[in-house]
Amino acid sequence: MADRLFTDKAKITIKSGDGGDGMNSFKSYKGKPACGPDGGDGGNGGNIFIQADLSVNDLLSFRYVSKYVAGDGERGGSNKCFGKYGEDVIIKVPVGTVVRDEETGTVIADMFTDGEKKLIAEGGRGGKGNVRFTTSRRHAPNFAQKGEKTEPHVLILELKVIADVGIIGFPNVGKSTTLSKISAAKPKIANYHFTTLSPNLGVVKYYDNSFVAADIPGLIEGAAEGAGLGHDFLRHIERTRMLLHVVDISGVEGRDPVEDFKKINTELKNYSEVLAERPQIIALNKCDIYGAEENIKIFKKKYGKKYKIYQTSSISGEGLEELVKGIFEELSALPPVQRVESDESFTYRKSGDLGFEIYLDGDVYVVVGTLVDMLCRNVVLSDPDSMAYFQKILREKGVIQQLTKMGIKEGDTVSIGEVEFDFVP
């Protein structure tokens with residue numbers, strides 16, 4: 001029953017913490033109610049990390065917990081006290097998990113090695129307290145900065161088994177038994193189709209060397225279009241360096257070994273041209289069963305020049321030692337397992353990215369962008385010092401210059417956020 005609960009794809013929602021608001025406060029002593037600003041900064045919101053962990057076997061836990069929210073930063077205090085930072089959240093996933101942004105499909109990370117940790121979403125920055133806005137001309141600013149708010153995002157987690165060798169073939173051809181004989185793996189084995197419902201990994205020793213083999217669940221015709229286990233497990237052989245194709249050469253189930261071999265390779269090609277070109281060796285299993293000799297001759301005549309072919313019996317162990325030697329020799333000439341290419345610099349918030357755009361809506365100049373979002377959080381319209389700060393930022397960031405280039409005239413209307421005002425050069 002445990003095999004049936006194996007989960008290799010999951011969707012989760014994440015949200016990093018909001019930044020805490022800055023404090024607007026003034027020192028006060030007995031008889032001296034306002035002795036200068038002393039508002040501290042708000043704390044930064046918590047970050048969201050994803051970490052690869054060998055002790056996590058699949059993505060089953062994400063069926064039950066699919067929302068991860070980091071802690072919010074605390075508000076700044078008086079006496080220039082900083083607000084506490086929000087608590088980070090670390091999401092642990094199996095080694096081999098590929099993380100994608102659902103909206104764009106961008107590969108954010110490939111969690112390739114145990115302990116690898118990736119920052120996925122930065123927490124919002126804490127707002128500045130009013131003491132931060134003091135200048136030689138502004139001695140008592142009566143405003144503080146709001147903390148930065150963050151947005152939720154949806155991630156797709158996709159587990160792709162990391163193995164040197166992918167063992168493929170139709171159901172019930174002896175893949176699991178072969179793996180159990182050449183490694184210490186103990187897969188569930190029985191005489192019915194689709195025994196294997198999750199990939200089984202085993203470490204195969206060859207003298208002082210070793211490699212990892214994965215028994216991939218049986219494919220059927222139409223798997224590349226999603227039939228049977230289809231896409232659910234074809235992805236697990238995408239990383240493998242080579243393929244071991246196990247064929248039931250006995251034909252005791254009334255199947256044609258040559259046709260079976262053709263069909264599996266057709267599915268590989270339909271799913272991925274790159275996968276179809278992966279180096280492949282063949283194990284003709286159940287060769288000790290009466291009647292297999294004729295099928296072996298036919299098969300070798302058809303494919304003997306193109307592939308390395310080994311005759312094996314996973315039950316008796318016949319030919320398995322030669323098979324392991326052949327696999328190791330093939331692997332020795334191949335490059336190591338590769339990561340999935342990802343955008344290593346990707347996070348859901350870029351610090352300091354304060355851009356803007358201006359467009360005309362009728363006769364109104366509308367300013368939008370992250371700079372506007374920041375100003376809307378920070379400006380107190382009723383406070384003269386806050387408005388002076390607002391105008392200063394517009395000049396420093398080039399908004400006024402851009403408006404002038406667009407031909408704005410005195411008295412024209414400018415819209416920034418929810419505020420509209422007449423332009424004065």
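In what follows, two residues are in contact when they have heavy atoms within 4.5 Å of each other. The structure is a predicted model, in which local features need pLDDT of at least 70 and side-chain atom pairs count only at pLDDT 80 or more, while totals for chains, interfaces and linings use all residues. Residues are numbered from 1 along each chain as its sequence is written, and side-chain values use heavy atoms, with hydrogens and water left out.

The chain has 425 residues, 50% of which count as buried; buried means under 20% relative accessible area, exposed means over 50%, and partly exposed lies in between (1.4 Å probe, protein chains only). Its accessible surface is about 21,800 Å², and carbon and sulfur atoms supply 49% of that area. Such areas come from the Shrake-Rupley method with a 1.4 Å probe, and for residues only the protein chains shown count as cover. Among the contacts in the chain with a separation of 6 or more, 72% are between residues 24 or more positions apart. The secondary structure consists of nine helices and 18 strands. Helices (H or I, at least four residues) and strands (E, at least two) are DSSP runs, numbered from the N terminus.

The sheets come next. Two strands pair if DSSP finds at least two bridges between them. Lys9 has Glu158 as its bridge partner in β8.

A further open sheet is formed by three strands in the order β4-β2-β7, again with mixed pairing. Here β4 (89–93) and β7 (117–121) are the edge strands, each with a single partner strand, so one side of each is left without a neighbour in the sheet. Neighbouring strands are turned by 30 degrees against each other on average in this sheet, direction ignored. Strand β2 (residues 48–52) pairs with β7 in the antiparallel sense over four bridges, and Ile50 stands opposite Lys118 in β7.

Thr113 lies in the loop between β6 and β7. With a relative accessibility of 37%, Thr113 counts as partly exposed. Apart from its neighbours within four places in sequence, Thr113 is in contact with Ala52, Val95 and Arg339. Gly96 is 17 residues from Thr113 along the chain, and their C-alpha atoms are separated by 7.5 Å.

Two pairs of helices may now be considered. Their axes are lines fitted to C-alpha atoms over the stretch in contact, and angles run from 0 to 180 degrees between N-to-C directions. Helix α1 (residues 175–182) packs with helix α6 (residues 320–332) at an angle of about 85 degrees, their axes being 11 Å apart. The two helices are therefore roughly perpendicular to each other; angles under 35 degrees count as roughly parallel, over 145 as roughly antiparallel, 65 to 115 as roughly perpendicular and the rest as oblique. In this contact Thr178, Lys181 and Ile182 of α1 meet Leu320, Leu323 and Val324 of α6.

Helix α7 (residues 370–378) and helix α8 (residues 384–396) pack at about 170 degrees, with their axes 11 Å apart. This angle makes α7 roughly antiparallel to α8. On the side of α7 the contact involves Leu371, Met374, Leu375 and Asn378, and on the side of α8 it involves Ser386, Tyr389, Phe390, Ile393 and Leu394.

Strand β15 (residues 357–361) pairs with β16 in the antiparallel sense over five bridges, with Tyr365 of β16 as the bridge partner of Leu360. The two strands form a hairpin with two residues between them, and Gly362 in the turn has a positive phi of about 75 degrees. Four of the five residues of β16 (residues 364–368) are buried, so this strand is largely enclosed by the rest of the structure. Strand β16 also pairs with β17, in the parallel sense and over four bridges; Val364 has Thr413 as its bridge partner in β17. In turn, β17 (residues 413–416) runs antiparallel to β18 (residues 419–422), joined to it by four bridges. The bridge partner of Val414 in β18 is Phe421. The hairpin of β17 and β18 has two residues between the strands, and Gly417 takes a positive phi near 65 degrees.
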